[in-house]
Amino acid sequence: MNICFGEKLKELRIANNLTQEKLANHLGVSFQTISKWERGDSYPDINMLPIIAEFFEISIDDLLGFDKAKKEKKISEYLGLYDEYRLKDRKKVFLKFKKAVKEFPNDYRIMVRYMELFREEKEHITVEQWKNKDFSKYERIADEITAIYDKIQNNCTDDSIRIWSKRLMCEHLFYRYQCCGYDEKYRKQALDILDTMPSLSYSREYLAMMDTDEKQIETVREKAIEELLYLLQNTLLIHCISRLDDKYSLEFRINLVEHINELIKTFDNDDNCKNRMHLIYNYGRLGYFYYGIGNKEKAIECFKTAMKSAKQYDENPNAEYVYRFYEKEGRFHGMNMQMRIKELMTEHYDLSDEFKSSKDFQSVLQIPNT
């Protein structure tokens, strides 16, 4: 049985935003005594243990750090559950982590993943709630996200967790501003957080491009390429492809999407569902853009490629079905990629009834579902 009192005491003190001096005042000892306890140079008198445990509202066993290896194993099980099942059964994982943050209230690895799961939980607002602008459920979620974020930023010393939580908090604040119709303060808060985050040139992805003979860096580079492609796709998608104004012509957008597709296909592999998903959507967009410039033959070709690629995507056992990303609208439960692309082509793209009733377009829709 290992005793980790000093380490546990320091963890509890920091988690409760206490200096050594403040804790010493609460316990009636000197701050030098607290420092010695945390370093493991000495231990408190046995009569002092119940007082310290009561102050932090924990058991003496927890205070002494008994069975730390057992706890770490349990935390690792939670982290493994998150990695393996988050996209397969998110609701189950969310409920597990709801229990985990109570079981391990000071473990920031648990907290930031719970924050990530909470970010997606907002998508369970019903269609009726959206219509009536009833965001009371989301308000409860928002308060808890904010409390977790503040705790991480005030106490966590792991930069990767701190930055992860900043990204999640920015998304959360922009969501409040854009979707819930709240005031400008949420947008300003998000922008203030963004200003504190590192730029791409300081990131792991950029540094992985540096010349090195270390063989182990190869995996890091491959991951960096994957993430850079994802960033490129999403940034250009928002800035150039999805704009409703006329700043970029359809010809420019066609050229841009085709170049993005070539890059994605250059580094494609069967396991990369994100890039495959981008290709499917991009071919759908290309079909719509070609239709817009009057090249209906090319439009049909792109629509057909999108449908065939969607069929292949749905046959991949590792595919992340698209409905998970649109549940907030309450229309995509159980929808696979082929269904989503069909819906885009028939209901969302501004195509004429004559074109949609044509033999060529109908042949695209007849590509069989899995």
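**Aromatic pairs and buried cysteines**

A search of this whole predicted model finds 14 aromatic pairs.

Trainee: What makes phenylalanine 5 and tryptophan 37 an edge-to-face pair?

Mentor: Rings pair if their centres lie within 6.5 Å, and planes over 60 degrees apart count as edge-to-face. Phenylalanine 5 and tryptophan 37 are 6.1 Å apart centre to centre, with 70 degrees between the planes, so they are an edge-to-face pair.

Trainee: Which parts of the chain does that pair link?

Mentor: Distant ones: phenylalanine 5 belongs to helix H1 (residues 5-15) and tryptophan 37 to helix H3 (residues 31-39), 32 residues apart. Phenylalanine 5 and tryptophan 37 are both buried.

Trainee: Why is the pair of phenylalanine 94 and tyrosine 114 called stacked?

Mentor: Planes under 30 degrees apart count as stacked. Here there are 15 degrees between the planes and 5.8 Å centre to centre, so phenylalanine 94 and tyrosine 114 are stacked. This pair joins helix H7 (residues 90-103) to helix H8 (residues 108-121), and both residues are buried.

Trainee: How do you know that arginine 113 lies over the face of tyrosine 82?

Mentor: One part of the test asks for CZ of Arg within 6 Å of the ring centre. Arginine 113 is at 5.6 Å from the ring centre of tyrosine 82, and it lies over the face.

Trainee: Why is cysteine 156 called buried?

Mentor: Buried means under 20% relative accessible area. Cysteine 156 has 6%, so it counts as buried. Cysteine 302, at 4%, is buried too.

Trainee: How many disulfides are there?

Mentor: The count comes to zero, where a disulfide needs two cysteine sulfur atoms within 2.5 Å.

Conventions
Residues numbered from 1 in each chain as written. Predicted model: local features only at pLDDT ≥ 70, side-chain atom pairs only at ≥ 80, totals over all residues. Heavy atoms only, no water. Phe/Tyr/Trp six-rings, centres within 6.5 Å; stacked < 30°, edge-to-face > 60°. Helix = DSSP H or I, 4+ residues; strand = E, 2+ residues; numbered from the N terminus. Buried < 20%, exposed > 50% of the residue type's maximum accessible area, 1.4 Å probe, protein only. Lys NZ or Arg CZ within 6 Å of the ring centre and 35° of its normal.
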